[in-house]
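This report describes a single protein chain for a reader who has not seen it before.

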Amino acid sequence: MANCFVATVAVAVLVLLLTAPQSAESTITCGQAATSIAPCLEFAKTGKGSPPANCCSGVKTLNALAKSTMDRQDVCNCLKKAAGSVTGLNPTAAASIPRKVH
């Protein structure tokens, strides 16, 4: 289930990033990607209310950082790897985060 959450969040973030220009080198580390979405984890587990402001800020920051196809691929791979260490995630709640980020 954790893999599903991270994959869902990664896909959602990637959708936000599809129009970014390409560059030859990735500029985002796995640590940056994980830190950016970490505030979203509680919402992704419960799905109650709205994602907190720091979650929205983190998603927006990640969106701004991932400017190339390589960046987006790196973010996706990092989030997939991080999924293995997270338990109790609600894939439906996680998938709703990009729509609820203001």
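What share of the contacts in the chain with a separation of 6 or more is between residues 24 or more positions apart? In this predicted model, such residues account for 87% of those contacts.

**Overall make-up**

The chain has 6 helices and 0 strands. Read from the N terminus, its elements run α-α-α-α-α-α. Of its 102 residues, 39% count as buried. The chain exposes about 5400 Å², and carbon and sulfur atoms supply 59% of that area.

**Nonpolar cores**

In soluble globular proteins, nonpolar side chains tend to be buried together. Here the largest nonpolar core has 12 residues, including Phe43, Val59, Val86, Leu89, Ile97 and Val101. Three cysteines, Cys40, Cys55 and Cys56, also belong to this core. Helices α3 (41-46), α4 (53-65) and α6 (91-100) each supply at least two of its residues. Apart from this core lies another, of 8 residues, among them Ile28, Ile37, Leu62 and Ala66.

**Helix α4**

Helix α4 has 13 residues, which at 1.5 Å a residue should span 18 Å. The C-alpha atoms at its ends are 18 Å apart, in agreement with that expectation. Which residues of α4 are buried? They are Cys55, Cys56, Gly58, Val59 and Leu62. Seen down the helix axis, the buried residues of α4 fall within an arc of 160 degrees, so they line one face of the helix.

**Disulfides**

A disulfide is a covalent bond between the sulfur atoms of two cysteines. A search of the whole structure finds 2 disulfides, and with bonded cysteines counted along the chain they follow the pattern 1-4, 2-3.

| Disulfide | S to S distance |
|---|---|
| Cys30 and Cys78 | 2.0 Å |
| Cys40 and Cys55 | 2.0 Å |

The link of Cys30 and Cys78 is left-handed, with -70 degrees about the S-S bond. Cys30 lies in helix α2 (residues 30-37) and Cys78 in helix α5 (residues 69-83), so this pair ties together parts that are 48 residues apart in sequence. Cys30 has a relative accessibility of 40% and therefore counts as partly exposed. Cys78, at 11% relative accessibility, counts as buried, the cut-off for buried being under 20%.

For Cys40 and Cys55, the torsion about the S-S bond is about 100 degrees, so that disulfide is right-handed. This pair links distant parts of the chain, with Cys40 in the loop between α2 and α3 and Cys55 in helix α4, 15 residues apart. Both Cys40 and Cys55 are buried.

Cys56 is buried, with a relative accessible area of 9%. Not counting residues up to four places away in sequence, Cys56 touches Pro51, Lys100, Val101 and His102.

Cys76 is in no disulfide either. The nearest cysteine sulfur to Cys76 is that of Cys78, 9.3 Å away. Cys76 is buried, with a relative accessible area of 11%.

Conventions
Residues numbered from 1 in each chain as written. Predicted model: local features only at pLDDT ≥ 70, side-chain atom pairs only at ≥ 80, totals over all residues. Heavy atoms only, no water. Core = buried A, V, L, I, M, F, W, Y, C linked by side-chain atoms within 4.5 Å. Buried < 20%, exposed > 50% of the residue type's maximum accessible area, 1.4 Å probe, protein only. Helix = DSSP H or I, 4+ residues; strand = E, 2+ residues; numbered from the N terminus. Contact = heavy atoms within 4.5 Å. Expected span 1.5 Å × (residues − 1). Arc of directions from axis to C-beta. Disulfide = S-S within 2.5 Å. Areas by Shrake-Rupley, 256 points an atom, 1.4 Å probe, with all protein chains shown as cover.
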